[in-house]
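Here's a quick briefing to read alongside the model. Have the sequence and the 3D view open as you go.

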Amino acid sequence: MNQRGLPCLAILISGRGTNLQAFIDACANGHLNAQVGLVISNNPQAGGLQRARDAGIPARCIDHRDYHSREEFDQALVDVIDANAVDLVVLAGFMRILTPVFITAFLGRLVNIHPSLLPLYPGLHTHQRALDAGDTTAGTTVHFVTQELDGGPPVLQARVPVYTHDTAESLAARVAKEEHIIYPLAAQWLIEERLVWTDTGAFFDGQRIPATGIQYTADLL
Ligand code: GRF
């Protein structure tokens, strides 16, 4: 919690930070009852660092290249987050594989967004893989983070159509628009404790969430 009693989010990025921007905007317009208290990038060039600074949010780079091991890097992240009374840790395009040092520290309050309809296409190049497979629907998934890469319980999933003229870029842009809606929404549910993680899975309003997550529709807003 921050001094005004608002839940505090730490957002971890590596790149341009459009999802970070969606969180900043959702906090400003009242869709998300929280404060982005801290932004961390492992990449000094990440455009999202400037977005944070423009919004007056403390932003720092913790460069993974300054550490001898993944575990040491992860411990540095944990230390900074723990020093900031963070309630929820949001991975938003954070391009480092995290070790148990980090994941166990925040289990149940650590979420990611992955640009595919998980369990389809964990890993990289999701849009090209969807195009190559001839999929007619693509999308994005908010999920809890566990040790398994892109494999924690899905929470909320948004679908978009794939058109015959799509490129990976055009599809990525369509998916990103949905990400900017569903990711702050899922964070709001977590803050309200409508959404909870237990070692038997993810629950929303006391109901077990289906294996591919809740399917987003506009009436959920
Ligand atoms: C998004 O595609 C998200 O699904 C993935 O990383 C990308 C981050 O984009 N995890 P941005 O930096 O938020 O614009």
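How many of the residues of β5 are buried? The count is 5 of 5, so to speak a mostly covered strand, where buried means under 20% relative accessible area, exposed over 50% and partly exposed in between, with a 1.4 Å probe and protein chains only. Keep in mind that this is a predicted model, where local features need pLDDT of at least 70, side-chain atom pairs count only at pLDDT 80 or more, and totals for chains, interfaces and linings use all residues. Residues are numbered from 1 along each chain as its sequence is written, and side-chain values use heavy atoms, with hydrogens and water left out.

**The sheet**

- Eight strands make an open sheet with mixed pairing, in the order β3-β2-β1-β4-β5-β6-β7-β11; two strands pair if DSSP finds at least two bridges between them.
- At the edges sit β3 (59-61) and β11 (214-215), each pairing on one side only.
- Strand and helix names are DSSP runs numbered from the N terminus, with helices being H or I of at least four residues and strands E of at least two.
- β1 (residues 8-13) and β4 (residues 88-91) run parallel and are joined by 4 bridges, and Leu12 has Leu91 as its bridge partner in β4.

**Helices on the sheet**

- Helix α2 (residues 47-54) packs on the sheet, touching β1, β2 (35-41) and β3, with contact meaning heavy atoms within 4.5 Å.
- The direction of α2 makes about 155 degrees with that of β3; axes are lines fitted to C-alpha atoms, for helices over the stretch in contact, and angles run from 0 to 180 degrees between N-to-C directions.
- Helix α6 (residues 168-191) packs there too, touching β1, β4, β5 (110-114), β6 (137-144), β7 (154-161) and β11. Its direction makes about 155 degrees with that of β7.

**Back to β5**

- Leu110, Asn112 and His114 point one way from β5, Val111 and Ile113 the other way, and all are buried.
- On the β4 side, 3 bridges join the two strands in parallel, with Leu91 standing opposite Asn112.
- The chain gets from β4 to β5 through α4, in a right-handed β-α-β crossover: with the strands pointing away from the viewer, the path from the first strand over the helix to the second runs clockwise.
- β5 and β6 run antiparallel, joined by 4 bridges, and Val111 has Phe144 as its bridge partner in β6.

**Asn42**

- Asn42 lies in the loop between β2 and α2 and counts as buried because its relative accessibility is 4%.
- Its side chain makes polar contacts with the side chains of Ser14 (2.6 Å) and His64 (3.1 Å). A polar contact is a pair of N or O atoms within 3.5 Å; within protein, one must be able to donate a hydrogen and the other to accept it, and residues adjacent in sequence count only if both atoms are side-chain atoms.
- Not counting residues up to four places away in sequence, Asn42 also touches others, including Phe73 and Phe94.

**Aromatic pairs**

- There are 5 aromatic pairs, meaning Phe, Tyr or Trp rings (six-membered ring for Trp) with centres within 6.5 Å; planes under 30 degrees apart are stacked, over 60 edge-to-face and the rest tilted.
- Phe23 and Tyr183 pair edge-to-face, at 5.1 Å centre to centre and 80 degrees between the planes.
- Phe23 is in helix α1 (residues 18-29) and Tyr183 in helix α6, so this pair ties together parts 160 residues apart in sequence.
- Phe73 and Phe94 are stacked, 6.4 Å centre to centre with 10 degrees between the planes, and both are buried.
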